[in-house]
Amino acid sequence: IRRPPRSTLSSSSAASDVYKRQILDTVPIIFDYDKIHIDMHHNTNKPVFTIETNKDNLSLHCTNTENSNDIKISHSVSYDATDNEYIYTIQFDHLHNTTHGNLELHATDAAGNTSEIQIPEFIIDMKVPEIISITTDLLAGSYTVGAIVPIEVTFDEDVKIDVNNHPKLLLDSDDDSEDEVNAIYNSGNETDKLIFKYTIREGENYNPLEVHSISGIITDLAGNHADLSALPLVVSSITSDNGLSDIEIDTTAPVLTEEGSISTPGNDNTPTVTFSTDKPGTLTTNMTNGFKDDENGSNHDKIHITNTGQHTVTFAELDDGEYDNVELILTDEAGNEGMLTISDFKIDTTPPTLTPGSIPSHTNNPTFTLSSTKTGTITYSDGVKGVHSTVGDVNNITAHVTETITLVKSDGNPLDHG
């Protein structure tokens, strides 16, 4: 008996094996939804995702469940011996710049078994994020050393920062400055608003406060880098939320100069002083009673100085005594204080007590003695003066010193009888 050729026998046997495998392969294709790995945001129209399953050599295609259109994909496969699963790496081809949430993956094995799985929603975003505003929630006005200025940079979409290189806002236009003036990132990662905080230091003065540049890396959630070099074209200054005037940083104290001192000693217990200032502000004093309002006579603990230049203020009633270290304090809008210590002065409203000796009568050059409780100036009636035999004219008197005075005419001749 002749045997058929080996090649014919082998071909028949191979066909039978394939037939058996096709009949016996009823194992379903298993997809694990938890093992679909796809990012939520993509900055390419050819995003890639992976999926794990129990079978090799699957035929894959993708459809849009809303319109049943086929979505073009390509794939490769590898084997994970640890989990005994096949990993399919799938790449889309030219998806639109939008949200994709209705895509379904279909798989067919060699035996004709099929399976489908919904692909998780994801977003194709290839647009560069843009800054739309820079604001602060502070009220418009002036601020000084120690104040914290929150600055809010708003984008047209959610953005994220590099956590290892936080962005900063450069507020100082002086490129040669050794100490950069920056607003430091505070919060807002993965939102459309990044919050920065600027703590004002001594010597920093800006009117208006401006953002000159942003350093660091800021991207949208898909990874598109914000063009931070375009910042100067977006804003020129920081404005308050209510759109009022610019924020001013002012750390310079007002300068006050005494222009007219108080007469001393003086017998006015509401003395006035004249000073000049290079800034407007609110004037106070360390004198307990404050200032006197010349219009209605009432007392005030502060006076509003509305312009620069010279100003005269009146102190509220003071007791008799000597005054030193009297201060005028001017606080500007930002809170900077300028202080002037005015010249020392003395107030004395108590008149001296004079004690004259007896004045002889029936003489035209009467001589008498005079003592006083206080040192002062002697004033005589018109046409009369007092003289002393050795010192000449007597116009002053020393406290508790008895003077001997002879009354004569202003020209030195004896008085007329009468």
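Predicted model: local features only at pLDDT ≥ 70, side-chain atom pairs only at ≥ 80, totals over all residues.

Trainee: Is Asp416 buried or exposed? And what about Lys409?

Mentor: Asp416 is exposed, at 56% relative accessible area. Lys409 has 25%, so it counts as partly exposed.

Trainee: How many salt bridges does a search of the whole structure find?

Mentor: It finds 13. There's also a network in which Lys35, Glu52 and Glu85 are joined by salt bridges that share partners.

Trainee: Which residue does Lys46 form a salt bridge with?

Mentor: Asp93, with the closest N and O atoms 3.8 Å apart. Lys46 sits in the loop between β1 and β2, and Asp93 in the loop between β6 and β7, so the pair ties together parts 47 residues apart in sequence.

Trainee: And which salt bridge do Asp93 and Lys72 make, in terms of N to O distance?

Mentor: That one is 3.7 Å. Lys72 is in the loop between β4 and β5, so with Asp93 it links parts that are 21 residues apart in sequence. Lys72 counts as exposed because its relative accessibility is 61%, while Asp93, at 24%, counts as partly exposed.

Trainee: Switching to strands. How do β2 and β6 pair?

Mentor: Antiparallel, over 6 bridges. Val48, for instance, has Gln91 in β6 as its bridge partner. β5 also runs antiparallel to β6, and 8 bridges join them. There, Asp80 is partnered with Glu85.

Trainee: What's in the hairpin of β5 and β6?

Mentor: There are 4 residues between the strands, and Asn84 takes a positive phi near 55 degrees.

Trainee: What's the strand order in the open sheet of 3 strands?

Mentor: β21-β22-β27, with antiparallel pairing. β21 and β27 are the edge strands. Between β22 and β27 there are 6 bridges, and Thr274 stands opposite Thr312 in β27.

Trainee: Last topic, the largest nonpolar core. Which residues have the most contacts inside it?

Mentor: Leu169, Leu171 and Tyr198, in a core of 28 residues. Elements giving two or more residues to this core are β11, β13, β15 and β16, and β13 gives the most, with 6.

Trainee: What is Leu171 in contact with, leaving aside its neighbours within four places in sequence?

Mentor: Its contacts include Ile151, Val181, Tyr198, Tyr206 and Leu209. There's a second, separate core too: 22 residues, among them Ile51, Ile71, Leu103 and Leu105.

How values were computed
Residues numbered from 1 in each chain as written. Heavy atoms only, no water. Core = buried A, V, L, I, M, F, W, Y, C linked by side-chain atoms within 4.5 Å. Buried < 20%, exposed > 50% of the residue type's maximum accessible area, 1.4 Å probe, protein only. Contact = heavy atoms within 4.5 Å. Pairing = 2+ DSSP bridges. Salt bridge = Lys/Arg side-chain N within 4 Å of Asp/Glu carboxyl O.
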